[in-house]
Amino acid sequence: MPLDVTDYTWSQTDSTIHLSVPLKGATVRKVDVVSTEEYLKVHFPPFLFEAFLFEPVDDDRCTARIGNGVAVFTLPKKTCKVWEHLMITTDDKETKKEIRERALLKQQQKLSAESKQKGEKQQAEKKYALETMMKLEKEERDRIEKMKEAEREKTTAELAAWQLRQKQKAEEAQQKQNHQIQQAGSTDIPGNRLTDIVKNKQDHRNSKTKKIQPQLPPPRRCGNIAVTFTPRVFPTALRESLVPEEEEWLKKQAEVRRAVSAEVEELQDLTEEERNHDWLKQKGDKCFSNGDYVGAVNAYSLGIRLNGKIPALYSNRAACHLKLRNLHKAIEDSSKALDLLTPAVPANSAARVRASIRRGSAFCQLQLYAEGLQDYEAALKIDPHNEALQEDAQIIRDIIQGSAGQNETQ
């Protein structure tokens, strides 16, 4: 039940009420205020101040300032006169209940209207912005179309002028040629002169067609050109390669081959497939999916003997140890996998999450919940949107808090 605040202070003028309510150390965020014409409520748990006002006030002009441990209200009166009391003097609970319910209903209606008005204002602003943008885009398109049309008209006019000049030149040349023919025909017989001109033109065309075709050289002899390339391990060209990274990779592969060759005498009875760590990993995965956890452990262990630098083998063997309740071995294999999964890059994020969860699960089954929670939180940093992981981490936190509560009770 809330505690009533009685140490408030108030003063008045003919037109205004000034009210001061102490907040008892409450922060601004925890103060809830409801104000209407005839009711004022200030709630800051566990305290409550209610005022059933003596006369109505102008709620639209009321102001409140909350800070420095006090809430100060300025309440303009609707009628300018001096009040006998701040609140009504009746002790009728039904009357107060009716005023309270009426005030809360009015407050809800006011908030709903403000929210609706705010939404309508935002919608109108969005509509205005969209219309303005569409108007600007239309003006820009119109401007571009006008420019295109002007350029099109200019180009059409220039083309028409050029065609007219060409036509005039052709006509002038034709007139000049006809004039020369007429002058030549005035000195000789017109029929013979025209016949000679036509004959000369035909002879000239025939001479062009009878030109000797140029002789082409004989085709070259075919043959093969031998091209040799510098031997390389990688398929990319040398100019496209990253030489330092490739040398480091080759060095690591050489170390792996040396590690395998050192145990050849011990592994002479294995087939060629059984000496391939990738084949062993696939076999272990198949055994795990079939429920043969011991067989899966054997396959992963042999793969680790062949190549001890593959984190997936350690992480998967840790999962098998979890199923077999070999919790300390599961922690050891998960830790080894996390050591090999460095540096932390996006490419190995999923593998780091799996290894962290497996080690955290082993810790929790050993009732080492604090260490398990650390691994789950590390996995959450990598994959913060994993809902199942969030639920598991919360369960561990609840267990830790419950254990702490039991210890305090004891």
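What follows is a working chat about a predicted model.

Me: Before we start, what kind of model is this and how are residues numbered?
Reply: This is a predicted model, in which local features need pLDDT of at least 70, side-chain atom pairs count only at pLDDT 80 or more, and totals for chains, interfaces and linings use all residues. Residues are numbered from 1 along each chain as its sequence is written, and side-chain values use heavy atoms, with hydrogens and water left out.

Me: How big is the second largest pocket, by volume?
Reply: The second largest pocket has a volume of about 310 Å³. A pocket here is an open set of points on a 1 Å grid over the protein atoms alone, where a 1.4 Å probe fits, with protein on both sides within 12 Å along at least five of seven lines, and lining residues have an atom within 4 Å of a point. Grid points are joined across faces, edges and corners, and the volume is the space filled by probe spheres set on the points.

Me: Which residues are closest to its centre?
Reply: Of the 14 residues that line the second largest pocket, Asp4, Glu50, Phe52, Lys96 and Arg100 are the closest to its centre.

Me: And which element gives the largest share of that lining?
Reply: Strand β6 does, with 4 residues, and β6 (47–52) and α1 (93–187) each supply at least two residues of the lining. Helices (H or I, at least four residues) and strands (E, at least two) are DSSP runs, numbered from the N terminus.

Me: What about the lining by class?
Reply: The lining has 9 nonpolar, 1 polar and 4 charged residues, where Ala, Val, Leu, Ile, Met, Phe, Trp, Tyr, Cys and Pro count as nonpolar, Asp, Glu, Lys and Arg as charged, and the others, Gly among them, as polar.

Me: What does Glu50 pair with?
Reply: Glutamate 50 forms a salt bridge with arginine 100, and their closest N and O atoms are 2.7 Å apart. Because glutamate 50 lies in strand β6 and arginine 100 in helix α1, the pair ties together parts that are 50 residues apart in sequence. A salt bridge is a side-chain nitrogen of Lys or Arg within 4 Å of a carboxyl oxygen of Asp or Glu.

Me: How many salt bridges does the structure hold?
Reply: The structure holds 16 salt bridges. Among them, aspartate 142 pairs with lysine 138, with the closest N and O atoms 3.2 Å apart, and both residues lie in helix α1, 4 residues apart, about one turn of the helix.

Me: Which side chain does glutamate 377 meet?
Reply: The side chains of glutamate 377 and arginine 397 meet in a salt bridge at 3.8 Å, N to O. This pair links distant parts of the chain, with glutamate 377 in helix α9 (residues 369–382) and arginine 397 in helix α10 (residues 387–409), 20 residues apart.

Me: Where is asparagine 68?
Reply: Asparagine 68 is found in the loop between β7 and β8 (70–76). Asparagine 68 has a positive phi of about 60 degrees although it is not a glycine, and it is exposed at 84% relative accessibility.

How values were computed:
Buried < 20%, exposed > 50% of the residue type's maximum accessible area, 1.4 Å probe, protein only.
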